[in-house]
Amino acid sequence: MKRLVLLAVSVLMCMTAAAQTKAQVETNGQTVEIQVYTPEIIRVIKHPTGREFINESFAVIAKPSSCKASVKESAKELSVATAKVKVTVSKTDGTVSFTDAKGRKMISENAPAAIDRIDWPNERN
């Protein structure tokens, strides 16, 4: 019986860890993906719409974890918020901005990202 309970707890922990918060929006010829890693860390990935992004990064070595986050979408924007930070993506031009839990601006793009087609070795299509 103990083994069965231990197995069930292990499976639930794996399922919870896999339940990462993700959201994405396509705008202005690009796909903007939001991935929650921790309440303090949110990863933003931009790539040309219609191109597959291979998630191989030398800079990002952390693994996403399960944490409480909310995803809200309106006609103008997509936002993902944790207890510590909120990221908002404009559906008009794909610009991204970050605010803290009190709504104070931390950082934001001044203009849309210019994503030109580049054929990278790890890219498919």
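Which residues does valine 87 touch, not counting residues up to four places away in sequence? The partners are Ile34, Ile42, Val44, Leu78, Ser79, Val80, Val96, Ser97 and Phe98. A contact here means heavy atoms within 4.5 Å.

This is a predicted model, in which local features need pLDDT of at least 70, side-chain atom pairs count only at pLDDT 80 or more, and totals for chains, interfaces and linings use all residues. Residues are numbered from 1 along each chain as its sequence is written, and side-chain values use heavy atoms, with hydrogens and water left out.

**Confidence**

pLDDT is the predictor's confidence in each residue, on a scale from 0 to 100. The protein has a mean pLDDT of 79. Of its residues, 74% reach 70 or more. Residues 1–18 are another matter: pLDDT stays under 50 there. For that stretch the model has three contacts beyond four places in sequence.

**The core**

Valine 87 also belongs to the largest nonpolar core, which has 14 residues. Such a core is a set of buried Ala, Val, Leu, Ile, Met, Phe, Trp, Tyr and Cys residues joined through side-chain atoms within 4.5 Å. Buried means under 20% relative accessible area, exposed means over 50%, and partly exposed lies in between (1.4 Å probe, protein chains only). Ile34, Ile42 and Val87 touch the most other members of the core. Strand 1 (22–27), strand 2 (30–36), strand 5 (77–81), strand 6 and strand 7 each supply at least two of its residues. Helices (H or I, at least four residues) and strands (E, at least two) are DSSP runs, numbered from the N terminus.

Two strands pair if DSSP finds at least two bridges between them.

Strand 1 and strand 2 run antiparallel and are joined by six bridges. Alanine 23 stands opposite isoleucine 34 in strand 2. Glutamate 26 has threonine 31 in strand 2 as its bridge partner. The two strands, strand 1 and strand 2, form a hairpin with two residues between them. Asparagine 28, in the turn, has a positive phi of about 55°.

Strand 1 has two faces. Ala23, Val25 and Thr27 make up the covered one. Lys22, Gln24 and Glu26 make up the uncovered one.

Threonine 21 lies in the loop between helix 1 (2–18) and strand 1. Is threonine 21 buried or exposed? At 14% relative accessibility, threonine 21 counts as buried. Its contacts, leaving out residues up to four places away in sequence, are Ile34, Gln35, Val36, Cys67, Ala69, Val71 and Val80.

Another open sheet has five strands in the order 4-5-6-7-8, with antiparallel pairing. Its edge strands are strand 4 and strand 8, each pairing on one side only. Neighbouring strands are turned by 15° against each other on average, direction ignored. Strand 5 and strand 6 pair over five bridges, in the antiparallel sense. Glutamate 77 stands opposite serine 90 in strand 6.

**Salt bridges**

Side chains of opposite charge can pair when their charged atoms come close. A salt bridge is a side-chain nitrogen of Lys or Arg within 4 Å of a carboxyl oxygen of Asp or Glu. The structure holds three of them.

| Salt bridge | Closest N to O distance |
|---|---|
| Glutamate 109 – lysine 46 | 2.8 Å |
| Aspartate 100 – arginine 104 | 2.7 Å |

Glutamate 109 lies in the segment after strand 8 (105–108) and lysine 46 in strand 3 (residues 42–48), so this pair ties together parts 63 residues apart in sequence. Glutamate 109 is partly exposed, at 31% relative accessible area. Lysine 46 is partly exposed too, at 21%.

Lysine 91 sits in the loop between strand 6 (85–90) and strand 7 (96–100), and glutamate 73 in strand 4 (residues 70–73). The two are 18 residues apart. Lysine 91 is partly exposed at 23%, whereas glutamate 73 is exposed at 54%.

Aspartate 100 is buried, with a relative accessible area of 16%.

Conventions: Axes fitted to C-alpha atoms, helices over the stretch in contact; angles between N-to-C directions.
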